[in-house]
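The sequence and the structure come first.

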Amino acid sequence: MAFRPGGRAGLLRVVAVALLSLTTVARAEVPPGGIPLVSDPLRTFRTSTSRASSGVVGVPGPGFSEAIRVSVDQPGRAWDVELRATITRPVAAGSLGLLRFWARNVDAARSSQAAFTVYAQKASPNWDKAMQVDLAVGSTWQEFVLPWRWTTGYGASGAMIAFGLGRLPQTVEIGGLEILEYTGLALEDLPRTAFTYIGREPDAPWRAAANARIDQMRKAPLTVRVVDDRGNAVGDADVEIRMTRHAFPFGSALVASRLTGAGESHDVYRAHAERLFNAATLENDLKWPPWQGDWGAGFNRPQTLAALAWLKARGFSVRGHVLVWPGWDNLPESIKRHRNTPQAAVMIPTLVLQHIDEITRATAPYVDEWDVVNEPYDNHDLMDLSGWGAMIDWFVRAQANVPAAPRYLNDYGILSSHGADLAHQAYVHEILGWLVAEGAPISGFGMQSHMGASPTSIPRVLEVLDSFAAHGLTIRITEFDLNSDDERLQADYTRDFLTAVFSHPAVAGFQMWGFWEGAHWLPRGAMYRRDWSEKPNGTAYRDLVFDQWQTRGSGLTDRHGRFTARGFYGDYRLVVRRGSRAVEATFRLERGASGEVTVTLPGG
């Protein structure tokens, strides 16, 4: 652990973990013509640290009799323990790579499944990656076939294949290794593992329980009482109700320049955003460097404020991202220039508080809640400078400026990577527990939820949510996407992940990190292609939010003038008719309210 609060011993909680993720493959036929990139892989791959032991062992493998066994004792980051080998021949940009191997978990007493990340990457900083996949494996041998395109050319020893095994205490065996280069083929010509996840099955046990929780938590009884001008009950009146807006925030990160720009492309972007979402954040515009002008003319305060005003005028709930991203790489130049100066410890904390004052006050009419701290697990330079107490100062200052706006700590890697990043989870548990114990005015925890091609199982998602709900804070899903070209898997997982989090009592909002391929940090993760055709995950999202989780109903009032139903929390429009008389009204079904609206039908 990189830092701790002054005077307090940090607690690394290694929890028992059932990863519950599954990968299924048929035995793949590898195309001929592949050129080996690593000679004798079993004896070339080496572990990167003394924190793990490794060696070649005899095994009864499917088609092989030896494997590399790696044993990891302490949880940490995936790359804290790497099994890796550099390529032994050059590769050209645009050529294809193919990694084929088998793996199994051989220590079920420590972890029900083993979890690791596979990379094809540059062999030196910045470790640029051509391929990165999070995987999980049980006690039986499973085959993995992973193709990729080299985006950059490398000389011999300029790139490596690595298995990042450091997240869990675990023992893994890896055999049947092949690392090949192909030219003259399309990426689609190469075989690949077809991933799935536990919880995808139509009869998966979690579904019925989740739907029951949704009905109990997200809905309430509602009554429409119809009376005449004299207050007498009107029976046999036709009542139609239709939900117009969810109370639960379903949102996306949006781009300020597209919300404010002129032209057909921007018009289409705005129309889709308004149709699909009732909540949003600006993807980059409220980060400190662009707010201050470090990112050039494409990011400027008038544009940012105009985008926020556009959102607020249309009823969006707006999240602010982010007040303090406390790593040097994410701070503005005006802060970085004090980094190694004698006055850094005095100047920088004051400048941070001044920034919080300035941006929260400037955006107060528009922003409903803030990420106060972002990614402290990896970005803790300001806390190293001033101590953990600096975070309390940031939360206190945000509360003072915008007291009605909830305040969040936001981090990645909690629900993703098969929920196996135990050191990351333990670290955030420690921060949250410490902030709550110290009385910091923190409202909630944001879980980013960027999923890879092999996504976290639904039971594990619910298990991790339960563990963080124990802090008594609101949870928001803040940056969901699934980076995969398997569109059916992407759609099913969007449906199931969204259902799971909507069913959890601690979760108070869901937000994607972009929705259109033309403005998405991971274009494959989008719901809409560049030509605005809808992908299956977009259809799955709309089916839940605008069909299954919508309330529409009609019927006749009883002799007491009452029509009753059960509806999702949110805004409604209703129409009452009897004979030639009709009246329209709106109402809001809110948690804790009576759920009754009285409508006067005139002319009776």
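Angles under 35 degrees count as roughly parallel, over 145 as roughly antiparallel, 65 to 115 as roughly perpendicular and the rest as oblique. Axes are lines fitted to C-alpha atoms, for helices over the stretch in contact, and angles run from 0 to 180 degrees between N-to-C directions. The model is predicted: local features need pLDDT of at least 70, side-chain atom pairs count only at pLDDT 80 or more, and totals for chains, interfaces and linings use all residues. Residues are numbered from 1 along each chain as its sequence is written, and side-chain values use heavy atoms, without hydrogens and water.

Helices (H or I, at least four residues) and strands (E, at least two) are DSSP runs, numbered from the N terminus. Helices α12 and α13 pack at about 30°, with axes 10 Å apart, and are therefore roughly parallel to each other. In their contact (heavy atoms within 4.5 Å), the residues are as follows.

| Helix | Range | Contact residues |
|---|---|---|
| α12 | residues 458-469 | Ile458, Val461, Leu462, Leu465 |
| α13 | residues 487-502 | Tyr493, Asp496, Phe497, Ala500, Val501 |

An open sheet of five strands, paired antiparallel, has the order β3-β6-β11-β8-β9; two strands pair if DSSP finds at least two bridges between them. Its edge strands, β3 (46-47) and β9 (129-137), each pair on one side only. Five bridges join β6 (residues 82-86) to β11 (residues 159-164), and Leu83 has Phe163 in β11 as its bridge partner.

Asp329 lies in the loop between β18 (317-324) and α7 (333-336). Asp329 counts as exposed because its relative accessibility is 73% (buried is under 20%, exposed over 50%, partly exposed in between; 1.4 Å probe, protein chains only). Asp381 is 52 residues from Asp329 in sequence and 9.5 Å from Asp329 in space, C-alpha to C-alpha.
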